[in-house]
Amino acid sequence: MTEALTRRLIAALYEDDVRRVDALLRQGASPSAPDPDGETPLYLAAVSGHTDIVRLLLQAGAAPDVESRGEPGSAGLPLCAAASWDHCEVVRELLAHGADPDRREDDGTSYSPLMWAATGGHHRTARLLLDARADPDLGQDGHTPLMAAAQRGSIAVVRALLRHGADPRLTDAQGRTAESMAREECGKDLAHELRERANAAPGTRCEVRRSPRPEGTELIEVTVSSPGGTGAATWQGETGHAAIAALLREHTRDGDASARRRP
């Protein structure tokens with residue numbers, strides 16, 4: 001009976017059927033039990049941005065920090081999943097129910113929620129996590145959220161990180177700072193760089209979209225799809241690298257001056 005309810009609950013999640021999810025939980029379906037593939041209900045709802053379902057599962061007792069063990073694309077932490085897709089309301093709901101903003105995926109060896117938000121340029125999600133006291137310098141293998149945002153060119157995320165105490169003087173394994181990473185990207189044709197990163201095969205369609213950002217920069221999206229328009233994948237970047245490099249240089253200089261003034 002329990003397994004049958006779990007299968008029905010998972011099916012209702014995929015259909016975004018809030019009423020059926022609510023009814024199944026009332027009938028005794030577990031809000032935490034994974035399906036046979038290891039996919040947990042909370043992860044599936046979080047990665048899809050289904051805030052109402054996430055709330056129902058949490059209210060029914062789903063643990064916010066249990067890691068899904070499903071196949072690629074359905075494995076990981078609910079908060080990381082929501083942060084990586086900029087599902088702000090899901091992030092807010094998970095944090096309100098005690099999700100750890102510093103818990104990293106893959107049993108603590110991979111990205112934190114803030115790293116996912118910084119890598120994706122999701123400044124609203126980044127601010128939510130930082131306000132929840134996420135460590136602004138918690139990265140992976142020496143690569144910090146500030147470095148990720150600087151490489152992407154997301155000045156809004158960089159500003160949020162600096163306001164919450166991110167250290168611009170930290171270096172990665174190659175001795176690079178966030179400022180030097182931003183400088184490496186200055187002057188490049190970002191659309192060309194993204195097309196190169198997409199490694200599109202001959203005959204595929206490549207569409208470039210440019211959207212203005214409130215910070216005066218641009219969001220550039222390169223979408224590659226097959227000639228028939230199927231199988232599309234998108235690569236993104238922002239054009240804030242020069243402004244980021246200048247901001248980080250100033251911030252580092254001010255920080256060094258403050259350190260010298262200490263008794």
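Two strands are taken to pair if DSSP finds at least two bridges between them. Helices (H or I, at least four residues) and strands (E, at least two) are DSSP runs, numbered from the N terminus.

The model is predicted: local features need pLDDT of at least 70, side-chain atom pairs count only at pLDDT 80 or more, and totals for chains, interfaces and linings use all residues. Residues are numbered from 1 along each chain as its sequence is written, and side-chain values use heavy atoms, with hydrogens and water left out.

**Sheet**

Three strands form an open sheet in the order S3-S4-S5, with antiparallel pairing. Strands S3 and S5 stand at the edges, each with a single partner strand, so one side of each is left without a neighbour in the sheet. Strand S4 is joined to S5 by six bridges, and valine 224 stands opposite alanine 233 in S5. Helix H13 packs on this sheet and touches S3, S4 and S5; contact means heavy atoms within 4.5 Å.

| Element | Residues |
|---|---|
| Strand S3 | 205-212 |
| Strand S4 | 218-225 |
| Strand S5 | 233-238 |
| Helix H13 | 190-198 |

**Helix pair**

Helix H10 (residues 145-152) packs against helix H11 (residues 155-163) at an angle of about 155 degrees, and their axes are 8 Å apart. Axes are lines fitted to C-alpha atoms, for helices over the stretch in contact, and angles run from 0 to 180 degrees between N-to-C directions. H10 is therefore roughly antiparallel to H11, a term for angles over 145 degrees. From H10, Pro145, Leu146, Ala149 and Ala150 make the contact, and from H11, Val157, Val158, Leu161 and Leu162.

Conventions: Parallel < 35°, antiparallel > 145°, perpendicular 65-115°, else oblique.
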